[in-house]
Amino acid sequence: MSQILHYFKEVCSIPHPSFHEEKLADYVVSFAKEHSLWYSRDEHHNVLIKKPGQNRGIHCDPILLQGHLDMVAEKISGSDFDFHKDALKLIEKDGWISAKDTTLGSDDGFAIAYMLGLLNDNTIDHPPLECLFTTKEEVGLIGAIHFDMKDIESKRCIGLDSSGENRTIITSSGGVRGKFSLKRRKKVFYPASIIIKITNATGGHSGNDITKNRVNVLKLLAQFAKDLKVDIGLSSWVGGNSENAIPTWGTLILGLYEKSDELMHRAKDLALKIQDYSRHSDPAMKIDIEFGREVAGCPKEETHEIIESVLFFPQGVAKMSDEIEGLPLLSANIGFIRHDEYWTIGFSVRSPMDVLMEHHMVKIETLAKRMRMDVEFFSRYPGFPYQPESTLRNQFETFYQSFRNQNLNFEATHGGCELGIWKGKIPQLDIISMGPINEGIHTPQERMDLASFERVYENLVGFLAYLCHEAN
Ligand SMILES: [Zn+2]
C-alpha cells in the first residue's frame with residue numbers, strides 16, 4: 001500500500017462528520033508533533049502545519065495547500081452506521097474505493113492524505129509548505145470564514161478540494177443568503193378558497209443549475225395568483241427547502257369571495273399552458289388545483305405585498321460572463337417560503353465579484369422596502385473571480401502538458417468553495433486546484449478512482465519540484 005493510501009485509510013477510520021472534526025484534528029496535530037513540525041490549531045479546530053522548503057526548494061517562496069477535514073455524513077436508509085463512532089467500512093473493487101452504505105469522504109479525505117504524504121516525505125523537492133486543514137466546509141465554509149490568516153505567508157495556493165484529475169478551477173462564486181420577513185397582520189375571513197399545489201418540478205442547485213431555465217415553483221405560484229385576476233387573500237403559502245436549491249414543490253392557498261366554474265376553468269387552462277411551456281425543463285411537474293372551504297387570510301394589501309415581493313424578485317441569471325462561455329456572473333434564487341407568526345421568504349445571491357453582489361443586494365433591499373418587508377442578509381462569503389493573468393496557472397499548464405503529455409482543462413464554476421475565501425483574505429493570492437476522479441460526492445455512492453488518486457499525487461509532487469526548478 002502506498003503511503004498516501006495508508007493515510008487515506010487512517011482518515012476513514014476516524015469519525016469526522018461536519019461539526020465533529022475534533023478527533024481528526026487531534027490526529028493531524030499529533031502527526032505534526034511526531035514530525036516536529038510547526039503547527040497551530042484554533043477554536044474551530046482548523047489546523048495549520050508548516051514545513052520548511054526542502055532540497056532544491058529551500059529558498060523558494062512558500063505555497064499554501066488546502067483541504068477540509070469534515071465530510072458529508074450520508075448513509076442508505078435502514079443503515080445503522082453511526083458517523084460519530086464508527087470507522088467507515090471500506091470496499092476496494094475494480095480499481096475504485098468506496099464505503100459500505102455511506103459516503104466515503106474522498107471529498108475531502110484525499111487532500112488530507114496528500115498533505116500528510118508531503119509533510120512526511122523528506123526526499124522530494126518542495127517549496128516551504130503551509131498545509132491548512134479547515135473544518136465545517138460542507139455546512140457553509142464556516143472554518144475557512146473564521147480562520148485568521150496571520151500566519152500565512154504564501155501568495156500562491158493549491159486548492160485540494162476539486163475533482164476530475166486533468167482539470168483546475170479558474171473561478172468560483174461568492175454567495176450570500178437572505179430572507180424577507182413580514183409579521184402577519186389581522187386576519188380576514190374568506191368564504192371560499194382555491195388551493196394550487198405544484199409538485200415534482202425539476203429543481204436543482206442554485207449555482208450549478210441556475211442557467212438551465214428550470215421552473216422556480218414559488219415564482220410560478222406568485223405569477224399564478226396574479227394571473228387569476230380576482231380578489232384574493234393569502235391564507236397559506238409554503239414550499240421549497242433551502243436557499244441554495246431551486247424549489248421543486250409549493251402549495252398556495254388563496255381566500256376567495258366567491259368560487260365559480262368560470263374561475264376553475266380559467267385556472268386549469270392556465271395550468272395546462274404553463275405545463276406546455278415547461279415541458280422540456282420540467283417534464284414531471286404536476287399542477288393540482290381545487291376549491292377549498294372557508295379560510296382566514298391576509299388583508300388585500302398584505303397579500304399583494306407578499307406575492308409581489310416574489311413576483312418581482314430578480315430570480316435566475318442577471319449577468320453572464322463575456323470572457324468564459326456559459327459562466328454566470330450574477331444570479332439569485334428564491335429557495336423557500338414558510339409562515340408562522342411571520343412570513344419568511346428565503347433566498348440566495350451568487351457572484352464571484354463583490355460589486356455585482358452589492359448591486360443585487362441593493363435591488364433586493366429596495367424591493368423589500370417597497371413591499372414593506374424586512375430584509376436580512378447573512379452567511380456571506382467572497383468569490384474567486386477569474387484572473388486573466390495567473391503565473392501559477394501558466395506554470396501548472398506548462399508542467400502538466402510536459403509531465404502527462406495531455407492538455408489541462410479549466411473549470412469555471414458558479415458554485416462556492418473555500419478558494420473564494422482565501423482570495424478575499426489575500427487579494428494577490430494566485431490559485432490553482434487539483435483532485436482525483438471521484439464520483440457520487442455527498443451520496444452513499446461516493447467512490448474514488450484509486451489509480452487517479454495516485455496519479456494526482458504524482459502530479460502534485462512533480463509540480464512542487466517543478467516550481468523549485470523554475471525558481472533556481
Ligand atoms: Zn469538499
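Reply: Happy to! Two strands count as paired if DSSP finds at least two bridges between them; strands (E, at least two residues) and helices (H or I, at least four residues) are DSSP runs, numbered from the N terminus. This is a predicted model, in which local features need pLDDT of at least 70 and side-chain atom pairs count only at pLDDT 80 or more, while totals for chains, interfaces and linings use all residues. Residues are numbered from 1 along each chain as its sequence is written.

Strand 23 and strand 24 (residues 447–449) are joined by two bridges and are antiparallel. Across this pairing, N438 has M448 of strand 24 as its bridge partner. Both strands belong to an open, antiparallel sheet of four, ordered 4-5-24-23. Its edges are strand 4 (90–93) and strand 23 (438–439), each of which pairs on one side only.

Another open sheet has six strands in the order 1-2-6-3-7-22, and its pairing is mixed. Strand 1 (38–41) and strand 22 (430–433) are the edges; each has a single partner strand, so one side of each lacks a neighbour in the sheet. From one strand to the next, the twist averages 20 degrees (axes are lines fitted to C-alpha atoms, for helices over the stretch in contact, and angles run from 0 to 180 degrees between N-to-C directions). Strand 7 (residues 156–159) runs parallel to strand 22, with four bridges between them; C157 is bridged to I431 in strand 22. Helix 9 (residues 391–404) packs on this sheet, touching strand 7 and strand 22, and its direction makes about 35 degrees with that of strand 22. Contact here means C-beta atoms, placed from the backbone, within 7 Å.

Now for helix 8 (residues 354–370). Its end C-alpha atoms lie 24 Å apart, which agrees with the 24 Å that its 17 residues should span at 1.5 Å a residue (1.5 Å times one less than the number of residues). L356, M357, H360, I364 and A368 are its buried residues, where buried means 20 or more other C-beta atoms within 10 Å of a residue's own, and exposed means 12 or fewer. Among the elements they pack against are strand 8 (167–183), helix 7 (300–311) and strand 20 (374–381). V355, V362, T366, K369 and R370 are exposed on the face turned away from that buried side. Just after helix 8, R372 takes a positive phi of about 55 degrees.

How values were computed:
Two residues are in contact if their C-beta atoms, placed from the backbone, lie within 7 Å.
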